[in-house]
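Please have a look at the sequence and the model first, and then we can go on.

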Amino acid sequence: MTRVRPVLLSALLAASLAHAAPAVPAAEGAWPRVRKERLQKLLPQAMARAGVDAWVVLCRENDNDPLAAHVGGENAGGTAAFLFLRDGDSLRSTALSPEGEATALRDMGVVDEVVAFERGADVNALIAARLTQAKPAKVAINSSERMSIADGLSATQRAKLEAALSPALRKKLVSSEDLVSEWLSVKTPEEVDIMRKAADITAKLEEEAYRTVVPGKTRDSDVARFLKKRIAELGVGDGWQPDQNPNVNSGPTRGHSNATDRVIQPGDFIQTDFGIRVGGTWVTDIQRFAYVLAPGEKQPPAEALAKWEKSKKGSRIALAAMKPGVRGYDVDKAQRDWMREAGSEPVMWGTGHPVGYWAHDAGPALSGAASGKPPAGSSLRKLQPGQVFAFDGFYAWKDGSSPDALRILSVEEMAVVTETGAEYLNPPQEQLILIPSPVTAAKQ
């Protein structure tokens with residue numbers, strides 16, 4: 001195993017703050033243009049792969065569909081319908097909108113056609129008439145048992161829609177989950193470029209936060225507050241639930257959670273799981289690890305370094321397994337095989353997940369192999385160029401604090417699938433960040 005010499009944090013952050021963590025100007029105002037491109041170029045391809053000819057999205061005020069902003073329905077007042085009809089490689093998009101909002105939709109220019117109807121009219125009857133004329137073989141609707149972002153159609157909305165359709169059309173309704181997965185998981189080159197810059201900012205902010213740690217004094221929650229302050233200063237948002245972002249953890253592994261008031265001590269691994277949102281749309285999900293040296297130590301004990309190297313190698317093995325046409329399950333299995341070889345305890349979490357509009361986005365799950373069962377669900381989905389993943393390199397060992405307690409290193413990076421394999425979005429963490437302890441620091 002190649003041993004990479006760790007470096008002290010002060011040497012790692014030689015760049016000035018102005019250069020280390022700028023804003024992402026390319027993301028500001030990009031979404032309307034990107035959204036239109038995605039609808040025109042990527043959606044018909046996704047519909048073809050999913051085997052559907054029509055897609056109906058219903059949008060409404062106060063309880064909108066999770067995908068409303070992706071189709072132009074984020075400003076819905078009265079219920080509006082967005083209808084996408086595929087004819088071979090071409091797509092016709094129509095918004096059926098109440099008067100008033102229809103004017104704004106025309107100005108936005110998201111869809112090809114905007115049809116205004118009198119407020120209070122039955123939009124479902126208009127949908128039925130359009131579908132009857134189009135004669136699609138399969139009609140996707142946002143109703144799913146497995147994918148929350150493809151489950152925006154309420155029970156009452158679905159009942160009203162089905163009541164308006166003929167029996168023949170009702171039989172053609174299918175869940176949009178395959179379509180949503182195929183469409184949302186693939187990002188345009190411009191989106192990938194935005195996410196590259198955002199990933200670089202995310203990692204540098206984590207490194208900057210470790211620079212503030214004083215062992216024996218700083219708490220995990222202090223590090224989290226520092227990062228919260230920095231993202232507010234930079235004008236970016238949280239990558240996921242604000243009260244759990246970032247998760248800074250120097251103690252026993254706790255999974256997705258908020259940072260606690262635990263005081264960071266010599267001998268601790270510190271895990272920071274952190275994501276930002278840029279342009280109001282694209283998110284990141286990256287972890288950086290530090291180790292707190294004991295007073296007088298120049299490097300961690302050999303055992304601690306070995307655990308880090310094994311975790312890091314798991315990440316590299318997972319990256320090497322990411323290729324177009326490979327199932328998410330196969331990427332997970334590649335790392336599980338390494339974990340067994342490396343002597344790691346089993347880890348319950350999957351190797352990785354798509355990331356983009358949400359930290360846990362639609363697309364192939366890099367998971368499933370830990371159960372020992374045949375692949376199922378989204379782990380069966382195949383990787384495609386343009387998909388972006390956050391993925392971990394795992395190494396776990398018994399904590400000793402209780403019979404089941406585990407400590408888990410999870411070297412999490414982001415990568416994009418290319419035509420020939422996959423590449424990191426930003427430079428991966430090669431060296432364990434080392435935090436020196438003052439001579440007075442002692443374990444409590």
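Glu208 has its place in helix H10, where helices are DSSP runs of H or I with at least four residues and strands are E runs with at least two, all numbered from the N terminus. With a relative accessible area of 12%, Glu208 is buried, and here buried means under 20% relative accessible area, exposed means over 50%, and partly exposed is in between, using a 1.4 Å probe and protein chains only.

Before I go further, a word of care: this is a predicted model, in which local features need pLDDT of at least 70 and side-chain atom pairs count only at pLDDT 80 or more, while totals for chains, interfaces and linings use all residues. Residues are numbered from 1 along each chain as its sequence is written, and side-chain values use heavy atoms, with hydrogens and water left out.

Lys229 counts as exposed at 52% relative accessibility, whereas Glu233, at 47%, counts as partly exposed.

Helix H10, which spans residues 189-210, also holds Asp193 and Lys197, again four residues apart and about one turn of the helix. Their side chains meet in a salt bridge at 3.4 Å, N to O; Asp193 is partly exposed with a relative accessible area of 34%, and Lys197 counts as partly exposed at 39%.

My last pair is Asp238 and Lys228, which form a salt bridge with their closest N and O atoms 2.6 Å apart. This pair links distant parts of the chain, with Asp238 in strand S8 (residues 237-238) and Lys228 in helix H11 (residues 220-234), ten residues apart. Lys228 counts as partly exposed, at 27% relative accessibility.

How many salt bridges does a search of the whole structure find? The search finds 32, and the pairs I have described, including Asp193 with Lys197, are examples of such contacts.

Definitions and conventions
Salt bridge = Lys/Arg side-chain N within 4 Å of Asp/Glu carboxyl O.
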